[in-house]
Amino acid sequence: MCATLRQKGITDERVLAALSEVPRHLFIGAALESRAYEDVALKIDCEQTISHPSTVAMQSQLLNADRGMRVLEIGTGSGYQTAVLCQMGLKVFTIERQKALYQKTSKLLKELGYRAQCFCGDGFHGLPGDYHRIIVTCGAPEIPEALMRQLLPEGVMVIPLGEEQQEMLRITKHGEKREDWEIERFGMFKFVPMLDGKTTH
Ligand code: SAH
């Protein structure tokens, strides 16, 4: 899988090492397990998807995080991205709005020894605390203000922005005001939508 990832522009050795360590097949239902190491997104519970490994690698690389940093992930889903971030030595906080996924995935991560702190709720409002890095793994209709407030000075947020398709943005927070946010763009992707905590799909 690493050769494919390198071809797709993943050069960060910390990310490549983490993806080769984390057993992706354990985050996928038995029916699709045989496809776990192909570069495809696959269906998980609650009509959600586990992202392409190349997308997980790309978002992890864009975070440019150092060991020990506090990282907030919005959209735990299967827990695969969470596990990759833990494997990179980050202190991970992750939030999922679907209760069933939260319950299943937080148990799985614990069983596999990944020490992420899992929460159930609406990640559009973030999670009280402050973070060096924030990664959003669902398509956001707008840049969530609450998340930008929870980002530490010079912190970085990686977020797919848009409704039908999303543009991958990396936002570096040089100051509190919008004009102090540096925005870099990294191409188009397709994610499941970011929904509020109450919507039932
Ligand atoms: N990182 C995941 C990607 C899962 S898909 C993985 O590697 O498997 C995105 C997830 O975001 C879905 O599980 C969806 O339920 C969740 N999600 C959507 N809107 C959300 C919100 N407002 N708060 C928290 N989670 C949300």
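# Exercises on a predicted model

Serine 60 is buried, at 1% relative accessible area (buried means under 20% relative accessible area, exposed over 50%, partly exposed in between, with a 1.4 Å probe and protein chains only). The model is predicted, so local features need pLDDT of at least 70 and side-chain atom pairs count only at pLDDT 80 or more, while totals for chains, interfaces and linings use all residues. Residues are numbered from 1 along each chain as its sequence is written, and side-chain values use heavy atoms, with hydrogens and water left out.

## Exercise 1. Serine 60 and its helix

Task: State where serine 60 is found, and decide whether helix H3 is enclosed or open.

Solution.
Step 1. Serine 60 is found in helix H3. Helices (H or I, at least four residues) and strands (E, at least two) are DSSP runs, numbered from the N terminus.
Step 2. Helix H3 covers residues 53–63, and eleven of its eleven residues are buried, so H3 is largely enclosed by the rest of the structure. Among the buried residues are Pro53, Met58, Gln61 and Leu63.
Step 3. Asparagine 64 follows H3 and has a positive phi, near 45°.

## Exercise 2. A contact of serine 60

Task: Which side chain is joined to that of serine 60 by a polar contact of 3.0 Å? Describe the helix that holds this partner among its buried residues.

Solution.
Step 1. The side chain of glutamine 81 makes this 3.0 Å polar contact with the side chain of serine 60. A polar contact is a pair of N or O atoms within 3.5 Å; within protein, one must be able to donate a hydrogen and the other to accept it, and residues adjacent in sequence count only if both atoms are side-chain atoms.
Step 2. Gln81 is one of the buried residues of H4, a list that also includes Tyr80, Val84 and Cys86.
Step 3. Seven of the eight residues of H4 are buried, and the helix is mostly covered.
Step 4. Glycine 89 follows H4, and its phi is positive, near 85°.

## Exercise 3. The ligand and its shell

Task: Find where the ligand sits, name the residues that come nearest, and give its distances to glutamate 73, glycine 123 and leucine 195.

Solution.
Step 1. The ligand sits in the largest pocket. On a 1 Å grid over the protein atoms alone, a cavity is a set of points where a 1.4 Å probe fits but cannot get out, and a pocket is an open set with protein on both sides within 12 Å along at least five of seven lines; lining residues have an atom within 4 Å of a point. A molecule sits in a cavity or pocket if more than half of its atoms lie within 2 Å of its grid points.
Step 2. The elements giving two or more residues to the shell around the ligand are strand S2 (49–50), strand S3 (70–74), helix H4 (80–87) and strand S4 (91–96).
Step 3. There are 26 residues around the ligand, and Ser78, Glu96, Asp122, Gly123 and Leu195 come nearest (a residue is near a molecule or strand if one of its heavy atoms lies within 4 Å of it).
Step 4. The shell divides into eleven nonpolar, eleven polar and four charged residues. Ala, Val, Leu, Ile, Met, Phe, Trp, Tyr, Cys and Pro count as nonpolar, Asp, Glu, Lys and Arg as charged, and the others, Gly among them, as polar.
Step 5. In glutamate 73, a side-chain N or O atom is 3.2 Å from a nitrogen atom of the ligand. For glycine 123, a backbone N or O atom lies 2.7 Å from a ligand nitrogen. For leucine 195, a backbone N or O atom lies 2.5 Å from a ligand nitrogen.
Step 6. Taken alone the ligand exposes 580 Å², and the protein buries 99% of that (accessible areas come from the Shrake-Rupley method with a 1.4 Å probe; for residues, only the protein chains shown count as cover).

## Exercise 4. Positive phi

Task: Locate cysteine 46 and glutamate 154, and give the phi of cysteine 46 and of glutamate 154.

Solution.
Step 1. Most residues other than glycine have a negative phi.
Step 2. Cysteine 46 lies in the loop between strand S1 (42–43) and S2. Its phi is positive, near 60°, and cysteine 46 is partly exposed at 29% relative accessibility.
Step 3. Glutamate 154 is placed in strand S7 (residues 151–161). Its phi is positive, near 65°, and glutamate 154 is partly exposed at 44% relative accessibility.
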